[in-house]
Amino acid sequence: MASYAFLVFAASLVVVYAGGFTTTIGAGMVFLDWPLSNGSLNPPGWVSDEGMLAEHSHRLTGMVTGLLTIGLVIGMYLFESRAWLRRLSYICLGLVVAQGLLGGMRVLLDSTPLANIHGVFAQLYVCSLAAVVVGTSGWWRELPVDLPAKEGASWTFERRLGVALTLLIVAQLVVGSIMRHQGAGMAIPYFPHSTSSGAWLPAAWNWGVIVHFLHRVGALLITGAFVFWSWRVWTSKTATTAMKRMTFLATFFLILQILLGANIIWSIRQPFETTMHVLNGVLFLCSVWSVVFAYFRPLLEGSERSAARVPNKDGVNDNSSVAQGA
């Protein structure tokens, strides 16, 4: 199931890019109906018009991803023995259904707030798929389950710190979504300073400037928190090689995210740079969350393994069969 789960995850990234590009060029309301587009699954002229192509492609890729998620749930039900992982696939299905309905309501009601919520649910859906990919991967089996007290305390601290970092990144993506849908992406048209004279604070404040400036401050907070957390992971004696490599990948995504954000300002919000900033933000979130989720294995499977231990003929607990099935 690992390869199929990764396929669904990759498909979800295509949907994120398509949705981000649609918002970037302002084509979210190019069709006023839903679930059809101008009353058709194949609206005339959609391949030759940029706005129609962006929005209809977004709808089609979203539908394909939804069908793939149904396949994921069926596969998990048939072939996955771990109940928590099956339940996680059900959450993925619930999120993608909610995502589709929110997208439809956003169009039918022409609602910008629903567009923001639609964007947030996309991130939650992709993160849930990332967790399924991690749970079905080979390196999940290499993660420790039972840790000594000292290492367990360190593991718990890094997990909690990672959860806080993940929530901070989600908050940053929410602010970014609000900024995009409110047209505040160029509210501060200078970078890294906020004015042409080189001041760090904007010369004048309004709603758009506030949201934009909060997004920049959030980037600084996330960078600081990530540096500390990633240092903890890299120097940890219990974190696996795969976890450290994924943290290194997250570092790459963070650096790229900062460069893309700067280039949005310098290029005056070109569609490709702007959309890649959205997609890369989700990749950064998922790479961090993948490592954080790995820290949850003792909680998810430790109790199951303990309960499954049975004494052998010598009176010693034998859980080799559990280890093979974990």
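**Ground rules**

I number residues from 1 along each chain as its sequence is written. The model is predicted, so I take local features only at pLDDT of at least 70 and side-chain atom pairs only at pLDDT 80 or more, while totals for chains, interfaces and linings use all residues; side-chain values use heavy atoms, with hydrogens and water left out.

**Entry 1: the core**

I looked up the largest nonpolar core and found 55 residues in it. A nonpolar core here is a set of buried Ala, Val, Leu, Ile, Met, Phe, Trp, Tyr and Cys residues joined through side-chain atoms within 4.5 Å. Buried means under 20% relative accessible area, exposed over 50%, and partly exposed in between (1.4 Å probe, protein chains only). Met 243, Phe 284 and Val 288 have the most contacts inside this core.

I then listed the elements that give it two or more residues: α1 (2-24), α2 (50-79), α3 (83-109), α4 (112-136), α5 (149-181), α6 (207-234), α7 (241-266) and α8 (271-294). Helices are DSSP runs (H or I, at least four residues), numbered from the N terminus. Helix α8 gives the largest share, 12 residues.

What does Val 288 touch, leaving out residues up to four places away in sequence? I noted Leu 165, Thr 166, Ile 169, Phe 226, Trp 229 and Ala 250. Contact means heavy atoms within 4.5 Å.

**Entry 2**

Next I followed α1 to its partners. Two packed helices are described by the angle between their axes and the distance between the axes. Axes are lines fitted to C-alpha atoms, for helices over the stretch in contact, and angles run from 0 to 180 degrees between N-to-C directions.

For α1 and α2 I read an angle of about 160 degrees and axes 9 Å apart. That makes α1 roughly antiparallel to α2, a label for angles over 145 degrees. The crossing is left-handed, meaning that the near helix is turned anticlockwise from the far one by less than a right angle; clockwise would be right-handed.

The contact includes Tyr 4, Val 8 and Phe 21 from α1, and Glu 50, His 58 and Leu 72 from α2. By class it has 11 nonpolar, 9 polar and 2 charged residues. Ala, Val, Leu, Ile, Met, Phe, Trp, Tyr, Cys and Pro count as nonpolar, Asp, Glu, Lys and Arg as charged, and the others, Gly among them, as polar.

Gly 19 is one of the α1 residues in this contact. I find Gly 19 buried, at a relative accessible area of 13%. Its C-alpha atom is separated by 22 Å from that of Ala 219, 200 residues apart along the chain.

**Entry 3: α1 against α4**

I read about 160 degrees for α1 and α4 as well, with axes 9 Å apart. Helix α1 is therefore roughly antiparallel to α4. The crossing is left-handed. Among the residues in contact are Phe 6, Phe 9 and Leu 13 of α1 and Tyr 125, Leu 129 and Val 133 of α4. The class count is 13 nonpolar, 2 polar and no charged.

**Entry 4: α1 against α8**

The axes of α1 and α8 come within 9 Å and cross at roughly 145 degrees. I logged this crossing as right-handed. Phe 9, Tyr 17 and Gly 20 are among the α1 residues that meet α8, whose side includes Phe 272, Met 276 and Cys 286.

**Entry 5: Leu 161**

Leu 161 sits in helix α5. Is Leu 161 buried, exposed or partly exposed? It counts as partly exposed, at 22% relative accessibility. Leu 161 touches Phe 228 and Trp 229, with residues up to four places away in sequence not counted. I also noted Trp 229 among the contacts of Val 288.

**Entry 6: loops**

I checked for cis peptide bonds. One joins Trp 34 and Pro 35, with omega about 10 degrees; Pro 35 lies in the loop between α1 and α2. Another runs from Phe 191 to Pro 192, with omega near 5 degrees. Pro 192 is in the loop between α5 and α6.

Ile 268 has a positive phi of about 60 degrees although it is not a glycine. Arg 269 also has a positive phi of about 60 degrees. Ile 268 counts as exposed at 62%, whereas Arg 269 is partly exposed at 25%.

Key:
Angles under 35 degrees count as roughly parallel, over 145 as roughly antiparallel, 65 to 115 as roughly perpendicular and the rest as oblique.
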